[in-house]
Amino acid sequence: MPRKYLTTIISGFISGIFVSSFVDFGWVLAALFIFLGGCFFLFYGFNRVKIFLAAGLIFVSCGLGQLRYGISDFGGENPLMESKMGQISVLAGIIVDEPEEKENYLRFVFEEEENNSKILVYAQKYPEYKYGDKLKISGVLKKPEDYHQGVSLIRKSRKPLDGANNFSWPAYLAKDGIYYEMFYPQVEFVSSGNGFWVKEKLFDLKRKFLTAISDSVPEPHAAFLGGITVGARESLPKNLQEDFRTTGVAHIVALSGYNITIVAEAVMLFFSFLPRYLAIGGGATGVILFAVMTGASATVLRASVMALLALAARSTGRIYAASWALFLAGFFMVLQNPKILRFDTSFHLSFLATLGLIYLSPFVKEKLFFITDKFNLREIFAATISAQIFVLPLLVYKTGLFSIVSLPVNFLILPFIPMTMFFGFATGILGIFSGILAAPLGWISYALLQYELFVVDIFAKLPFSAVNIQGFSEALVILSYTAIAFLLWLFDFQKK
């Protein structure tokens with residue numbers, strides 16, 4: 001099939017999913033679109049006018065997209081579970097993902113065995129539970145509401161959102177099939193080892209890795225190192241997390257596509273003294289190791305695919321082919337889970353950051369002629385600026401926060417992240433076997449971490465480090481990306 005027709009089909013399918021994510025028209029409208037598409041195909045069969053073929057492809061694919069989104073809602077809200085809302089319920093099931101250890105509580109996804117309904121459970125921090133544990137819980141079942149994710153053991157309540165009003169907590173959970181929550185139930189441990197054995201081994205390796213790091217590096221440096229190596233940022237102090245957000249480097253310790261894309265680029269640059277194919281291989285290996293060490297969750301896998309595509313684009317220089325591969329990968333991800341198109345910010349950041357590295361980075365690199373190529377600093381700065389520009393409108397829209405010091409802080413920190421990751425990985429892996437062998441590498445890691453935290457602390461204390469931007473609407477987001485696309489076209493036109 002010619003690429004232009006395949007592009008038409010993908011565009012129509014994505015459009016159908018996108019519209020359905022805002023307004024549920026039901027299967028009737030989808031059937032109507034498919035019927036109209038069939039009529040256009042019939043017209044094309046009579047007179048061979050290509051506009052009828054294109055219209056038929058658009059209408060049929062749009063209708064199929066609407067149907068796919070509707071199918072994704074099947075098996076969601078269960079009538080039996082709905083009848084238990086607000087009541088004390090006793091449920092048996094299994095922890096189906098790695099529990100998140102927060103500052104004063106434990107949060108995990110619990111799949112109830114009778115109806116296969118997923119519940120987000122907030123429990124006491126101790127005793128600890130892990131993936132694959134079978135539990136019996138007794139508590140009040142509730143529907144998710146738009147609140148902060150922070151929970152207080154004393155107040156046992158959550159504060160309303162105070163700025164990021166563009167984020168829907170229920171919709172965010174629904175994309176993963178989670179429609180219920182339970183706070184601080186009575187928990188009875190039944191058995192362990194009920195999950196997929198590969199994931200159990202990966203999560204166990206991650207726990208040993210983080211324990212080895214904490215034995216070799218003091219806090220909060222150990223928590224920071226755990227974040228940049230395997231994305232374990234749960235134990236970071238709240239004030240440090242706030243400093244990261246203020247200075248625009250929260251991506252370094254988040255399992256987002258923005259983080260993985262930048263780190264993948266940095267790892268490849270770290271190995272740039274090797275032949276080019278080995279440097280590319282080093283970057284790809286870094287991405288794969290990161291995905292494996294973090295348990296290969298859906299979020300990380302999506303972000304890793306985007307990062308690998310970015311590496312392919314930078315290595316081959318074939319922007320058109322790389323962009324086509326990016327859109328094709330995005331299509332299959334949306335096909336697998338349609339709700340990520342609107343409700344998964346990590347997917348959005350992955351896609352945008354990769355677009356920035358593919359399209360904008362070459363132009364930015366040309367303009368940074370005054371920066372030396374030694375240690376690939378010009379490449380690092382170009383990648384940083386490009387990714388920052390492409391994700392900035394979305395981040396401002398989602399968070400309402402604009403970090404004025406983001407670029408300088410990223411410039412000062414990102415060149416050292418590959419080295420920090422290298423010594424961090426070495427510290428954790430050696431520490432699993434011998435704390436004595438890991439100690440010298442832990443000291444080097446500590447020195448690098450101390451520098452990075454010092455930079456964050458200095459800039460976060462500046463009174464003008466970040467500003468709140470209220471009223472950054474969807475229209476402004478669209479306008480921002482339209483302007484970016486126009487500038488890219490202008491740069492490309494001038495170059496030709």
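The crossing of α17 and α18 is left-handed. In this predicted model, the two helices pack at an angle of about 155°, and their axes are 8 Å apart. Angles over 145 degrees count as roughly antiparallel, and α17 and α18 are therefore roughly antiparallel to each other. On the α17 side, the contact is made by Ile417, Met419, Thr420, Phe423, Gly424, Ala426, Thr427, Leu430, Gly431 and Phe433. On the α18 side, the residues are Gly435, Leu437, Ala438, Leu441, Gly442, Ile444, Ser445, Leu448, Leu449 and Glu452. By class, this contact has 12 nonpolar, seven polar and one charged residues.

Helix α18, which covers residues 435–460, also packs against helix α16, residues 406–413. Here the angle is about 165° and the axes are 10 Å apart. By the rule for angles over 145 degrees, α16 and α18 are therefore roughly antiparallel to each other. The crossing of α16 and α18 is right-handed. From α16, Pro408, Val409, Leu412 and Ile413 take part, and they meet Tyr451, Glu452, Val455, Val456 and Phe459 of α18. Eight residues of this contact are nonpolar, none is polar and one is charged.

Helix α17, residues 417–433, has a contact with helix α7, residues 221–230, as well. The axes of α7 and α17 come within 9 Å and cross at roughly 100°. That makes α7 roughly perpendicular to α17. Leu225, Ile228 and Thr229 of α7 meet Thr420, Met421, Gly424 and Phe425 of α17. The contact of α7 with α17 has four nonpolar, three polar and no charged residues.

| Helix pair | Angle | Axes |
|---|---|---|
| α17 and α18 | about 155° | 8 Å apart |
| α16 and α18 | about 165° | 10 Å apart |
| α7 and α17 | roughly 100° | within 9 Å |

The next topic is empty space. Rolling a probe the size of a water molecule over the atoms shows where empty space is left. The second largest pocket holds about 1,300 Å³ of space. Its lining consists of 32 residues, and those nearest the centre of the pocket are Phe18, Leu341, Arg342, His348 and Leu394. By class, the lining has 22 nonpolar, seven polar and three charged residues.

Which helices supply at least two residues each to the lining of this pocket? They are α1 (3–22), α5 (169–174), α12 (319–336), α13 (340–343), α14 (345–367), α15 (377–399) and α19 (474–495). Helix α1 gives the most, with seven residues.

Some backbone details remain. A cis peptide bond joins Tyr126 and Pro127, with omega about 0°. Pro127 sits in the loop between β4 (118–123) and β5 (134–142). Another cis peptide bond joins Glu219 and Pro220, and omega is again about 0°. Pro220 lies in the loop between α6 (197–216) and α7, and α7 is the helix that crosses α17 at roughly 100°.

Arg48 has a positive phi of about 60°, although this residue is not a glycine. The place of Arg48 is in the loop between α2 (26–47) and α3 (50–72).

Notes:
Residues are numbered from 1 along each chain as its sequence is written. This is a predicted model: local features need pLDDT of at least 70, side-chain atom pairs count only at pLDDT 80 or more; totals for chains, interfaces and linings use all residues. Side-chain values use heavy atoms; hydrogens and water are left out. Axes are lines fitted to C-alpha atoms, for helices over the stretch in contact, and angles run from 0 to 180 degrees between N-to-C directions. Helices (H or I, at least four residues) and strands (E, at least two) are DSSP runs, numbered from the N terminus. Angles under 35 degrees count as roughly parallel, over 145 as roughly antiparallel, 65 to 115 as roughly perpendicular and the rest as oblique. A crossing is left-handed if the near helix is turned anticlockwise from the far one by less than a right angle, and right-handed if clockwise. Contact means heavy atoms within 4.5 Å. Ala, Val, Leu, Ile, Met, Phe, Trp, Tyr, Cys and Pro count as nonpolar, Asp, Glu, Lys and Arg as charged, and the others, Gly among them, as polar. On a 1 Å grid over the protein atoms alone, a cavity is a set of points where a 1.4 Å probe fits but cannot get out, and a pocket is an open set with protein on both sides within 12 Å along at least five of seven lines; lining residues have an atom within 4 Å of a point. Grid points are joined across faces, edges and corners, and a volume is the space filled by probe spheres set on the points.
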